[in-house]
Amino acid sequence: NNSNQKLNLADKKTEIDFIDAYYKTYHMSYPLLNKSHFTSNMEKNLPKDHSSWWCLYYTVCALGSWCVSGDSTNYDLFYYKLAKHHLSQVFESGNIDYVISLILLSNYAQKRNKPNTGWNYLGLAVSMAVSLGLYKQIEINESKKKNIDDLKSFIYDQEIKCRIWWCLYIFDAGAAITFGRPSHIPNPENIDVK
């Protein structure tokens, strides 16, 4: 994109282009989001009061925009502000979408030279992930083993949770090393997720 070119940032096509850029560039290093699940939610056109989804959506747009333009435009800031607006419910309803959003916002803030903001997002992501039990290995109960759909769903959910936890772990370790700060992650003997 030419930095002098005016884009309609609220246009769905522009957003989709940035989401594609996110998956082609950023996602390759940090596979936090299942593309088919993300696309499915896009197609559902969830209401604007579904804050965790829209926070995640606009965070992906911000990172995708940054992948395309870097610091040569401020397009990403438009989406970042929208993502922050949808953080309003973060203390009331912890869920996977918010955890992923906070991890991504942490890395985005660092890319935008806001290390303290990134550190704070990361701390909140760790707290929410711990609250949701992402650091614990969950065993499937016997009744779900008998139903192939339940088993597939359980395996998929466990895979996503493991991926999120260990990406979070990597981001936290990197930030702790970079900034010379203690890790947010709980004591390793309390973590048993594979």
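Helix 1 (residues 12-26) and helix 3 (residues 51-69) pack with their axes 7 Å apart and at an angle of about 70°, the axes being lines fitted to C-alpha atoms over the stretch in contact, with angles running from 0 to 180 degrees between N-to-C directions. That angle makes helix 1 roughly perpendicular to helix 3, a term that covers 65 to 115 degrees, whereas angles under 35 count as roughly parallel, over 145 as roughly antiparallel and the rest as oblique.

The model is predicted, and local features need pLDDT of at least 70 while side-chain atom pairs count only at pLDDT 80 or more, although totals for chains, interfaces and linings use all residues. Residues are numbered from 1 along each chain as its sequence is written, and side-chain values use heavy atoms, with hydrogens and water left out. Helices are DSSP runs (H or I, at least four residues), numbered from the N terminus.

With helix 2 (residues 35-44), helix 1 packs at an angle of about 170°, the axes lying 12 Å apart, and the two helices are therefore roughly antiparallel to each other. Here Ile 16, Ile 19, Asp 20 and Tyr 23 in helix 1 meet Lys 35, Phe 38 and Met 42 in helix 2.

Leaving aside neighbours within four places in sequence, Leu 33 is in contact with residues including Tyr 22, Phe 38, Val 60 and Leu 104.

The structure also holds four salt bridges, each a side-chain nitrogen of Lys or Arg within 4 Å of a carboxyl oxygen of Asp or Glu. The side chains of Asp 71 and Arg 112 meet in one of them (3.5 Å, N to O); Asp 71 lies in the loop between helix 3 and helix 4 and Arg 112 in the loop between helix 5 and helix 6, so the pair ties together parts that are 41 residues apart in sequence. Arg 112 is buried, with a relative accessible area of 17%, whereas Asp 71 is exposed at 52%; buried means under 20% relative accessible area, exposed over 50% and partly exposed in between (1.4 Å probe, protein chains only).

Conventions. Contact means heavy atoms within 4.5 Å.
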